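Visitor: Hi! I'd like to talk through the pockets and cavities of this protein. Could you put the structure up for me?

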Amino acid sequence: MSGGPALATRIGTLAPKIALVLGSGLGDLVNEVDDAIRIPYAELPGFPQSGVTGHAGTLVAGTIAGTPVMMLAGRAHYYEHGDAAVMRSALEALAGVGIEKLILTNAAGSLDADMTPGSVMLITDHINFSGSNPLIGEQTDQRFVGLSEAYDKPLCSAIEKAAQETGTPLHKGVYMWFSGPSFETPAEIRMARVMGANAVGMSTVPEVILARFLGLRVAACSVVTNLAAGMSDGELSHQETKDMAPLGGARLASILKKAFADGLLED
Ligand code: HPA
């Protein structure tokens, strides 16, 4: 069953056209939402019941700087279920209540030594290295989604402009999707770099594909929580991801707040 009708009932006349998906440790952004309506995913049919710590599982609807918005605090990942389409129903519900633009956020490992933890990277393109695709099994010809311009230029420009105006450094680069849940090996990271990636992570790409399938305009930002495997001493951990995400998360929040305040995301 779809969560669309349940969601429509709960948000009433708000009519948001833009939604955000908040990645690991980035849930604080919901505190920027005024007059917040909080809806646990458990009350929205088809929404994922994520078990990953740091992924809360609440939809928050309200306004930022007067602009109606919805935020998905918590996402499900391919590695939890082996289902790359695990976010499909949730994204369909968003599209069903009139969402036209989607900003995805995630925590990521950096492949560039000068893009240190705490950095924010605007994703300009991606590499699907998971071997899966959320549209496998889709029977309509809409499954052949073009991804030449997956990341919407006006939305990306709006985020770049907001970063400039707030004086927040914003990197740009290619995000490579690994299935996880194990982290990469140093050899995989060397391969990823040769292939043209700037950051690696375990999410977002399937949602981008689904969102484009649904006709949504997409932008996405990574918050760097660590240098990728083999680039620094010690082992990577999910705890580190959660601990480090708020650093870049605060920067990303200031960029997005500015984008809302200046109405940059409106067209
Ligand atoms: N690899 C994959 N996913 C991640 C990483 C990483 O280094 N950091 C945060 N998410």
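Predicted model: local features only at pLDDT ≥ 70, side-chain atom pairs only at ≥ 80, totals over all residues.

Visitor: How much space lies in the largest cavity?

Guide: About 30 Å³. The count comes to one cavity of 30 Å³ or more.

Visitor: And how does the lining of the largest cavity split by class?

Guide: Six residues are nonpolar, one is polar and two are charged.

Visitor: OK, on to the ligand. Where is the space taken by the ligand?

Guide: The ligand takes up the largest pocket. About 310 Å³ of space lies in that pocket.

Visitor: Which residues of the largest pocket lie nearest its centre?

Guide: Ser24, Ala107, Phe183, Met202 and Thr241, out of 22 lining residues. The lining as a whole divides into eight nonpolar, 12 polar and two charged residues.

Visitor: Which elements supply at least two residues of that lining?

Guide: There are strand 5 (101-110), strand 8 (199-201), strand 9 (217-227) and helix 7 (238-261). Strand 5 provides the largest share, four residues.

Visitor: What lies 2.8 Å from a nitrogen atom of the ligand?

Guide: That is a polar side-chain atom of Glu184. A polar backbone atom of Ala107 is 3.4 Å from a ligand nitrogen, and an N or O atom in the side chain of Thr225 is 3.5 Å from a ligand nitrogen.

Visitor: Let's switch to the second largest pocket. How much space lies in there?

Guide: About 180 Å³. It has 13 lining residues, and Thr124, Asp125, Tyr151, Lys153 and Cys156 are the closest to the centre.

Visitor: Which elements give two or more residues to its lining?

Guide: Strand 6 (120-128) and helix 4 (153-166) do. Helix 4 has the largest share of the lining of the second largest pocket, with four residues.

Visitor: And how many charged residues does the lining of the second largest pocket have?

Guide: Five are charged, alongside five nonpolar and three polar residues.

Visitor: Last topic, the backbone. Which residues does a cis peptide bond join?

Guide: Gly180 and Pro181, with omega about 0 degrees. You'll find Pro181 in the loop between strand 7 (171-177) and helix 5 (186-195).

Visitor: What about Ala15, is its phi positive or negative?

Guide: Positive, near 50 degrees, in a residue other than glycine. Ala15 sits in the loop that runs between helix 1 (4-11) and strand 1 (18-22).

Note on methods:
Residues numbered from 1 in each chain as written. Heavy atoms only, no water. 1 Å grid on protein atoms, 1.4 Å probe; cavity = no way out; pocket = protein on both sides within 12 Å on 5 of 7 lines; lining within 4 Å. Points joined across faces, edges and corners; volume = space filled by probe spheres on them. Nonpolar A, V, L, I, M, F, W, Y, C, P; charged D, E, K, R; others polar. Polar contact = N/O pair within 3.5 Å; in protein donor to acceptor, adjacent residues only side chain to side chain. Sits in = over half its atoms within 2 Å of the grid points.
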